[in-house]
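Subject: Structure handover

Hi,

Here is the structure for you to pick up. Please open it first, then read the notes below.

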Amino acid sequence: MSSAYPIRTQPITLRQLKFFAQKLSALFEPGDTLLLEGGLGAGKTTFVQFIAGNLEIGNDQYVSSPSFSLLHEYSGTLQVFHMDLYRLTDEDDVEAAGLLDYLEHHGLCLIEWPERLGTEKPDNYLLIEINIPDSEHRTLTLTACGPSWKKRHSKLISIVDQMNQQIA
Ligand SMILES: Nc1ncnc2c1ncn2[C@@H]1O[C@H](COP(=O)(O)OP(=O)(O)O)[C@@H](O)[C@H]1O
Ligand SMILES: [Mg+2]
């Protein structure tokens with residue numbers, strides 16, 4: 001599995017990000033975790049909203065930033081746990097907030113500001129780092145951590161290729 005090197009996209013538009021979210025959603029398995037890194041305004045919450053749009057989450061469940069509540073839970077084809085750890089400092093804080101239990105789930109866990117997890121990161125996750133080359137574009141760097149995502153590495157490469165070919 002040494003082939004699981006980070007996959008870097010070219011600068012992508014919002015439209016391409018939506019396409020990517022759609023293709024990625026088709027790869028999800030129960031128990032998956034995505035760690036979403038990137039500064040304020042990078043597009044982490046936007047990406048979660050795009051993912052939610054593929055999981056039959058009803059319109060009554062509005063997907064927004066959980067910054068003030070730390071955790072939002074949605075039910076669709078998978079149970080979705082959306083965390084935003086921005087206001088926390090470290091893993092002790094995450095534990096004190098009662099969030100560690102949610103890392104062992106059978107749904108889909110999407111975590112903004114996962115840096116705050118410190119040593120409490122799960123064994124298997126897909127790390128998505130979002131960078132901002134300009135106001136309209138983002139680059140994604142995908143790193144498959146643990147066997148569960150490493151086995152999907154070639155599929156990740158394939159969807160990034162498809163996305164790069166999408167008209168911006
Ligand atoms: N290519 C792009 N990908 C993602 N977001 C983009 C892109 N271009 C512009 N944006 C805008 O950037 C903002 C990202 O905000 P948000 O998702 O709340 O960021 P974060 O949760 O990382 O703080 C949104 O207003 C979104 O429309
Ligand atoms: Mg956010």
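Glu56 sits in the loop between H2 and strand S3 (71-75). Helices (H or I, at least four residues) and strands (E, at least two) are DSSP runs, numbered from the N terminus. This is a predicted model: local features need pLDDT of at least 70, side-chain atom pairs count only at pLDDT 80 or more, and totals for chains, interfaces and linings use all residues. Residues are numbered from 1 along each chain as its sequence is written, chains are lettered from A and ligands numbered from 1 in the order in which they are written, and side-chain values use heavy atoms, with hydrogens and water left out.

What is the phi of Glu56 near? The value is near 55°, which is positive in a residue other than glycine. Most residues other than glycine have a negative phi. Glu56 is exposed, at 65% relative accessibility. The classes are buried under 20% relative accessible area, exposed over 50%, and partly exposed in between (1.4 Å probe, protein chains only).

Trp113 also has a positive phi, near 60°. Its place is the loop between S5 and S6. Trp113 is buried, with a relative accessible area of 13%.

**Ligand 1**

How many residues surround ligand 1? The shell holds 17 residues, and the closest are Gly41, Gly43, Lys44, Thr45 and Thr46. A residue is near a molecule or strand if one of its heavy atoms lies within 4 Å of it. By class, the shell divides into 5 nonpolar, 8 polar and 4 charged residues. Here Ala, Val, Leu, Ile, Met, Phe, Trp, Tyr, Cys and Pro count as nonpolar, Asp, Glu, Lys and Arg as charged, and the others, Gly among them, as polar.

Helix H1 (14-25), helix H2 (44-52) and strand S7 (137-145) each supply at least two residues of this shell. H2 gives the most, with 3 residues.

Some atom-level distances:

- An oxygen atom of ligand 1 is 2.5 Å from an N or O atom in the side chain of Thr46.
- A nitrogen atom of ligand 1 lies 3.0 Å from a polar backbone atom of Ile12.
- A nitrogen atom of ligand 1 lies 3.4 Å from a polar backbone atom of Ser135.

On its own, ligand 1 has 580 Å² of accessible area, and the protein covers 74% of that. Accessible areas come from the Shrake-Rupley method with a 1.4 Å probe; for residues, only the protein chains shown count as cover.

**Aromatic pairs**

Rings of Phe, Tyr and Trp (its six-membered ring) pair if their centres lie within 6.5 Å; planes under 30 degrees apart count as stacked, over 60 as edge-to-face and the rest as tilted. The count comes to 3 aromatic pairs.

One of them joins Phe81 and Tyr102. This pair is tilted, at 5.7 Å centre to centre with 55° between the planes. Phe81 lies in strand S4 (residues 79-84) and Tyr102 in the loop between helix H3 (91-96) and strand S5 (108-112), so the pair ties together parts that are 21 residues apart in sequence. Phe81 is buried at 9% relative accessible area, whereas Tyr102 is partly exposed at 29%.

Tyr86 and Trp113 form a tilted pair too, with 4.9 Å centre to centre and 50° between the planes. This pair links distant parts of the chain. Tyr86 is in the loop between S4 and H3, Trp113 is in the loop between S5 and strand S6 (125-134), and they are 27 residues apart. Tyr86 is partly exposed, with a relative accessible area of 36%.

**Around Arg152**

The charged end of Arg152 sits over the ring of Trp149, 3.8 Å from its centre. The rule asks for NZ of Lys or CZ of Arg within 6 Å of the ring centre and within 35 degrees of the ring normal.

What does the side chain of Ser148 contact? It makes a polar contact of 2.8 Å with the side chain of Arg152. A polar contact is a pair of N or O atoms within 3.5 Å; within protein, one must be able to donate a hydrogen and the other to accept it, and residues adjacent in sequence count only if both atoms are side-chain atoms. Ser148 is in helix H4 (residues 147-150) and is buried, with a relative accessible area of 17%.

Best wishes
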